[in-house]
Amino acid sequence: MAASSDGKHEELVALVTGASSGFGETIAADVAKAGHVAYASMRDTQGKNAKVVESNAVSSKADGIDLRSLELDVRSSACRSARRWVWR
């Protein structure tokens with residue numbers, strides 16, 4: 001956790017894309033294990049990545065970490081619209 005100017009700890013939150021495998025999966029887990037909130041985003045959380053979602057939930061509970069799975073397709077039209085709105 002990072003300390004703020006008043007000495008209190010701030011909660012850091014990370015959104016990790018591509019967290020269903022490889023580097024994204026590793027980074028999301030490492031961020032959570034470092035004591036931060038990690039949103040592990042991926043496509044198809046109820047289909048092909050359902051086991052990853054379950055594994056994240058089990059790890060969160062067993063290890064006392066905050067690793068949250070999130071359905072997100074960065075290629076979707078809704079996501080493209082949100083990027084345009086955020087980066088104005």
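**Entry 1: β3 and β4**

I started with β3 and β4, which pair in the parallel sense over four bridges; two strands count as a pair if DSSP finds at least two bridges between them. Helices (H or I, at least four residues) and strands (E, at least two) are DSSP runs here, numbered from the N terminus. In this pair I found Val 13 opposite Val 37 of β4.

A note to myself on the source: this is a predicted model, where local features need pLDDT of at least 70 and side-chain atom pairs count only at pLDDT 80 or more, while totals for chains, interfaces and linings use all residues. Residues are numbered from 1 along each chain as its sequence is written, and side-chain values use heavy atoms, with hydrogens and water left out.

**Entry 2: the whole chain**

I stepped back to get my bearings. The protein chain has three helices and five strands, and along the sequence I read the pattern β-β-β-α-β-α-β-α. Of its 88 residues, 25% count as buried, buried being under 20% relative accessible area, exposed over 50%, and partly exposed in between (1.4 Å probe, protein chains only). I also looked up contacts (heavy atoms within 4.5 Å). Among those between residues at least 6 apart in sequence, 53% join residues at least 24 apart.

**Entry 3: the sheet**

In which order do the three strands of the open sheet stand? I read the order as β3-β4-β5, with parallel pairing. β3 and β5 are at the edges with a single partner strand each, so one side of each has no neighbour in the sheet. Neighbouring strands are turned by 20 degrees against each other on average, direction ignored. Axes are lines fitted to C-alpha atoms, for helices over the stretch in contact, and angles run from 0 to 180 degrees between N-to-C directions.

Next I checked β4 and β5, which run parallel and are joined by six bridges. Ala 40 sits opposite Ser 69 in β5, and Tyr 39 has Arg 68 of β5 as its bridge partner. I noted that β4 is largely enclosed by the rest of the structure, because five of its six residues are buried.

**Entry 4: helix α1**

I checked the length of α1 (residues 22-33). Its twelve residues should span 16 Å at 1.5 Å a residue, and the end C-alpha atoms are 17 Å apart, which agrees. The expected span is 1.5 Å times one less than the number of residues.

Which residues of α1 are buried? I found Gly 24, Ala 28, Ala 29, Val 31 and Ala 32. They cover an arc of only 160 degrees around the axis, so they are on the same side of α1; the arc is that of the directions from the helix axis to the C-beta atoms. Phe 23 and Lys 33 are exposed on the other side of α1.

What do the buried residues of α1 pack against? I got β3 (13-16), β4 (37-42) and β5 (66-71). The helix lies across β3, β4 and β5, and runs at about 160 degrees to β4. After α1 comes Gly 35, with a positive phi near 100 degrees.

**Entry 5: crossovers**

I traced β3, α1 and β4, which make a right-handed β-α-β unit. From β4 the chain crosses through α2 to β5, and this β-α-β crossover is right-handed too. Right-handed means that, with the strands pointing away from the viewer, the path from the first strand over the helix to the second runs clockwise. Helix α2 (residues 50-63) lies across β4 and β5, at about 160 degrees to β5.

**Entry 6: the loop between β4 and α2**

My last stop was this loop, where I looked up Asp 44. Its phi is positive, near 55 degrees, in a residue other than glycine. Most residues other than glycine have a negative phi. Asp 44 counts as partly exposed because its relative accessibility is 34%.

Asn 49 is in the loop between β4 and α2 as well. Is Asn 49 buried or exposed? At 8% relative accessibility, I count Asn 49 as buried. Leaving out residues up to four places away in sequence, Asn 49 touches Ser 20, Met 42, Arg 43 and Asp 44.
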